[in-house]
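Please guide me through the reading of charged pairs and helix faces, one feature at a time.

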Amino acid sequence: MPGHREPRRRSPPLPAPRGPLSGEVIDALRGAPDHRAHAVGDADPFGDDLQLALYVLYELHYQGFAGVDEEHEWNPALLGLRRALEEPFLAALRAGARTDGVVDTALAGLLVEPVGDDGHSVSHFLHDDGELWQLREYAALRSLYHLKEADPHAWVIPRLYGRAKAAMVAVEFDEFGAGREADIHARLYADLMTDLSLETAYGHYLDAAPADALATVNLMSLFGLHRSLRGALVGHFAAVEVTSSPGSRRLAAALKRVGAGPAAQRFYDEHVEADAVHEQVVRRDVIGGLLADEPHLEPDIAFGIEATGFLEDRLAARLLTAWRGNSTALRGPLD
C-alpha cells in the first residue's frame, strides 16, 4: 500500500556481547567448538550482560538471527542456560515488584503513572519539553518491542479458556490489524520510524539499547514462554492496555509539536482509541474470565502488573536522567 513501510523482518545480525554470559551465548550461536560455561550467580539480574544473554536466547523463538541454525531454538544446553538466567531475573522481579496479591489493588495503582524524581513521567516530559532527538531515541528503544508488537502476548492464548481466551483473541486481532495488513501495529510503527528517519529493520537498535530497555521486552518473553506464568502475562497485558491511552495521547501531541509527520502521529493516535476500548475488555473479560476459571492465579496477575510498573520505572529513571542532562540515553550514537 502506498505510504506504508513494511518493517524489514529479516533475521538481524547477532549483537556484540556485553560480558561473559552474553559472550557465551553468542559464541555458542556462532558455532564456537569450545566455550567455557560462566557462573550466573554473581551477575547483576538487571545488568547489560545477563539481560542481553536472555534477550538473544528469547529471540530464537521469534525471528532468530542471521546465520544462526534454527535448530538452536530447542538446543538443550541453551535452554538450560536460559533457565539459569531466568531464575535470578525472576527472583529480583519478585523482590522489587511488591504486591499484596490483590488484582484490584494492582489495577488501581495503574491510575498513578510511573514518574521520575520530580514527578514527571516519560510521556509527560516528551509532551512538554521533548526535542526531536529525544523522541527519536525513545522510538528506537521501543522498536525492540513494537516491531513485534503483540507477538509475546500471543503465547498465552492456548493457555486460556472460554471468556478469557475469546476476549484475548479479540484484542490481539486488533493488534494484528483486524485482518488488514496495512493496519498491523508493527507496520504502523515502522511507518512512525520512517517519519523519524530511523532504520526500520527488525532488531536494528539492539546494540544501542541499555539493559533497562531490554528488561522490559524480556519480561514479556519470560512470562509468555512459561505456562506457569500465564497469570503474570495477563497482568502485564492489562498494565500495558490500561496505561496506553493517556500516554499515547501525549506522545502523539509531542510528535506533532516537533513536526514528525502524520504516520508517526497515527501510531499513537491509533492506540488512544483502540486501547481505551481494550482496557475495558481486558479488565472485564480477560482478567475476569481468567479469575473465574482459575481464581488461584490472582497473585500472579497482580505480580505481572506490578513487575511491569517496576521495570518501566527503572527505564524511565534512566531516560529522564540522561535527557535532563542533555545526553543520550542510548549506549552509543543513534546514527
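**Helix end, helix face and salt bridges**

A: In this predicted model, helix 8 is followed by Gly177, which has a positive phi near 90°.

Q: What length does helix 8 have, and which of its residues are buried?

A: Helix 8 covers residues 162-175 and reaches 20 Å from its first C-alpha to its last, close to the 20 Å expected. Its buried residues are Ala164, Ala167, Met168, Val171, Glu172 and Glu175. Seen down the axis of helix 8, these residues fall within an arc of 135°, so they line one face of the helix.

Q: How many salt bridges are counted?

A: Side chains of opposite charge can pair when their charged atoms come close. Here the count comes to 15 salt bridges.

Q: Which parts of the chain does the salt bridge between Asp212 and Arg314 link?

A: The closest N and O atoms of Asp212 and Arg314 are 3.5 Å apart. The pair links distant parts of the chain, with Asp212 in helix 10 and Arg314 in helix 13, 102 residues apart. Asp212 counts as buried because its relative accessibility is 15%, under the 20% cut-off. Arg314, at 30%, counts as partly exposed.

Q: Where do Arg230 and Glu294 lie, and are they buried or exposed?

A: The side chains of Arg230 and Glu294 meet in a salt bridge of 2.6 Å, N to O. Arg230 lies in helix 11 and Glu294 in the loop between helix 12 and helix 13, so the pair ties together parts 64 residues apart in sequence. Both Arg230 and Glu294 are buried.

Q: Which residues are linked with Arg82 in a network of salt bridges?

A: The network links Arg82 with Arg83, Glu86 and Glu87.

How values were computed
Residues are numbered from 1 along each chain as its sequence is written. This is a predicted model: local features need pLDDT of at least 70, side-chain atom pairs count only at pLDDT 80 or more; totals for chains, interfaces and linings use all residues. Side-chain values use heavy atoms; hydrogens and water are left out. Helices (H or I, at least four residues) and strands (E, at least two) are DSSP runs, numbered from the N terminus. The expected span of a helix is 1.5 Å times one less than its number of residues. Buried means under 20% relative accessible area, exposed over 50%, partly exposed in between (1.4 Å probe, protein chains only). The arc is that of the directions from the helix axis to the C-beta atoms. A salt bridge is a side-chain nitrogen of Lys or Arg within 4 Å of a carboxyl oxygen of Asp or Glu.
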